[in-house]
Amino acid sequence: MKISGSPEHVKFLRRERRTDAAVRIIQIGILVAFLFLWEILARTETIDSFITSSPSKMLATFKTISTSVWKHIGVTLYEAVLSFALATVGGTLIAIALWFSGLARRISEPYLVVLNSLPKIALGPIIIIWVGAGTGAIVVMALLISLIITVINTLQGFVSVDPDKILLMKTFRANKLQVLLKLVLPANVPNMINCLKINVGLTWVGTIMGEYLVSKAGLGYLIVYGGQVFNLSLVMCSTFILCVLSGGMYAIVAIIERIVNKKYGFCS
Amino acid sequence: MKEILQMKKVGLTYHSRKGETTAIEDFDLTVYEGEFLGVVGPSGAGKTTLLSLLDGILTPTSGDITLDGQTLKTANVGYMLQRDQLFNWRTVKKNVLLGLELKGKVTAKDEEYADLLLNKYGLSDFADRFPNELSGGMRQRVALIRTLVLEPRIILLDEPFSALDFQTRLSVGEDVRRIIKEEKLTAVLVTHDISEAIALCDRVAVLTSRPAKVKSIHDTKLSGGTSLEKREDENFSSAFAEVWKELTYEN
Ligand SMILES: Nc1ncnc2c1ncn2[C@@H]1O[C@H](COP(=O)(O)OP(=O)(O)OP(=O)(O)O)[C@@H](O)[C@H]1O
Ligand SMILES: [Mg+2]
């Protein structure tokens, strides 16, 4: 953005920009300082790097596993993206179906409430027996965790559309499908994007939990394996990669949000 | 004058879990082509119900409503709601075209007409903006144009100015009156504001409290074209008093 306006305004904008830069610098600084302190404390043997690992050890571990790690990243990413997509699309479709039929909505309500409060991990054994101990079980686990909440949140948004706007659509003789396409869906874009953001987090929870239960590959597998053989550097290194991946996925959703907001004029 | 809309012995009863409410009963009303009819009545009388019946979103429990001698089923009625209800994710132009989109395809001729109306009523610069950049008065004009592009036979207005501050209300009211007269439309305006009804409308119908019936109809006969000129007419206050008395003294 270009800085222009009265001298006071230019001053104001400059100040704002400086604050922005300072925030960014401090954010990065904290991370650097943290890694630096960690490394120093490990090298001076103030902390036991066998238990805490250290940045340099993590880097060394990454180098040794660098050929095989991509496979693990790929496996986990595949599971996470697949269950994210299924949960989002499936959840939205179910919400649309329930929006269409008020009766179905009322009938399904207690089931949704119970399923939502059930700790999905309890279904682990059942899933493994039904789906088999493989990628399928992991995806189903991740899907279960995010699907119900997607349905509930999306449906909540759908039914809270301003009744006066629905009345307006009725005055234009709109049918229910038109009300959905021209009013309910566009009005719910911000809500659905929020739902995506929540799903990013939940999908990763589900995927890693699934990998803890059953897996032969993936970052969750590496973490469990690393824990079992007491290779904390492997655990930390995998966790760090996980941070990067989930952060990246969140960033993609944030970019989508920005594009959509621009298109629909939702920006403040 | 030619009759355009007729209500004969119309009744409407709402059913809800708490019970039933008869909002309108034995309702007779005739609207003439080209007139601007005002409707005032106590709150909760059934004014919104009346307009919903005229629009055809509600079907009368008893009696008949006809537009140009035909039932309302397929009639082309324009309905302007209390608040503008513009969709903030659509540009002004897209908002204006909403009704047409819902009817089917928007033809080049439709778009031309929309542009013409936007231009005529000072909104062409805002056609590609979003509604949140518009003032309350402009939004109300966009809402009116959204109704006008459908070229309705009759236009219904349910307290369209009640969300506006007093000054905007006066000028938007006059804008709407002028537009409706210029487009040679027939209109029914429901309002709480007696002076607004007298200043804008040709005739004013006073309703009883619920269940609503027409208590009396007043021909304002004030001189002057604009609502401002009418407000300055020496008979304005007596017309006001006449309607006000009808409204307040229950028989
Ligand atoms: N959908 C509905 N179901 C049940 N009762 C209703 C419904 N809509 C309106 N009513 C009742 O019918 C009566 C008339 O309502 P209506 O909205 O037509 O009155 P109004 O004259 O427009 O009121 P206001 O002055 O508040 O705008 C009221 O008693 C109201 O409670
Ligand atoms: Mg009302």
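**Salt bridges, strands and an interface: worked exercises**

Asp175(B) is buried, with a relative accessible area of 19%. Here buried means under 20% relative accessible area, exposed means over 50%, and partly exposed lies in between (1.4 Å probe, protein chains only).

The model is predicted, so local features need pLDDT of at least 70 and side-chain atom pairs count only at pLDDT 80 or more, while totals for chains, interfaces and linings use all residues. Residues are numbered from 1 along each chain as its sequence is written, chains are lettered from A and ligands numbered from 1 in the order in which they are written, and side-chain values use heavy atoms, leaving out hydrogens and water.

**Exercise 1.** Find the salt-bridge partner of Asp175(B) and say where the two residues lie.

*Solution.* 
- Step 1. Apply the rule: a side-chain nitrogen of Lys or Arg within 4 Å of a carboxyl oxygen of Asp or Glu.
- Step 2. The partner is Arg178(B), with the closest N and O atoms 3.4 Å apart.
- Step 3. Locate the pair. Both residues lie in helix α6 of chain B, three residues apart, about one turn of the helix. Helices (H or I, at least four residues) and strands (E, at least two) are DSSP runs, numbered from the N terminus.
- Step 4. Arg178(B) is partly exposed, at 32% relative accessible area.

**Exercise 2.** Which parts of chain B does the salt bridge of Arg169(B) and Glu196(B) link?

*Solution.* 
- Step 1. The closest N and O atoms of Arg169(B) and Glu196(B) are 2.9 Å apart.
- Step 2. Arg169(B) sits in helix α6 (residues 166–182) and Glu196(B) in helix α7 (residues 194–200), 27 residues apart, so distant parts of the chain are linked.
- Step 3. Arg169(B) and Glu196(B) are both buried.

**Exercise 3.** Why does the pair of Arg153(B) and Glu33(B) tie together parts that are apart in sequence?

*Solution.* 
- Step 1. The two side chains meet in a salt bridge at 2.9 Å, N to O.
- Step 2. Arg153(B) is in the loop between α5 (136–148) and β7 (154–158), and Glu33(B) is in the loop between β2 and β3 (36–40), so the pair joins parts 120 residues apart in sequence.
- Step 3. Arg153(B) is partly exposed at 29%. Glu33(B) is partly exposed at 30%.
- Step 4. Widen the view. Lys2(B), Glu33(B), Asp68(B) and Arg153(B) are linked in a network of salt bridges.

**Exercise 4.** Trace the strand pairings of β1(B).

*Solution.* 
- Step 1. Two strands pair if DSSP finds at least two bridges between them.
- Step 2. Strand β1 (residues 3–16) runs antiparallel to β2 (residues 19–32), joined by ten bridges. Leu12(B) has Ile24(B) as its bridge partner.
- Step 3. β1(B) and β2(B) form a hairpin with two residues between them.
- Step 4. β1(B) also pairs with β4 (residues 62–67), antiparallel, over five bridges. Gln6(B) stands opposite Thr66(B) there.

**Exercise 5.** Describe the contact between chain A and chain B.

*Solution.* 
- Step 1. Contact means heavy atoms within 4.5 Å. Each side is counted: 22 residues from chain A and 22 residues from chain B.
- Step 2. Three salt bridges cross between the chains. One of them joins Arg173(A) and Asp55(B) at 3.2 Å, N to O.
- Step 3. On the chain A side, the elements giving two or more residues are α8 (163–171), α9 (176–187) and α12 (232–264). α8(A) gives the most, with seven residues.
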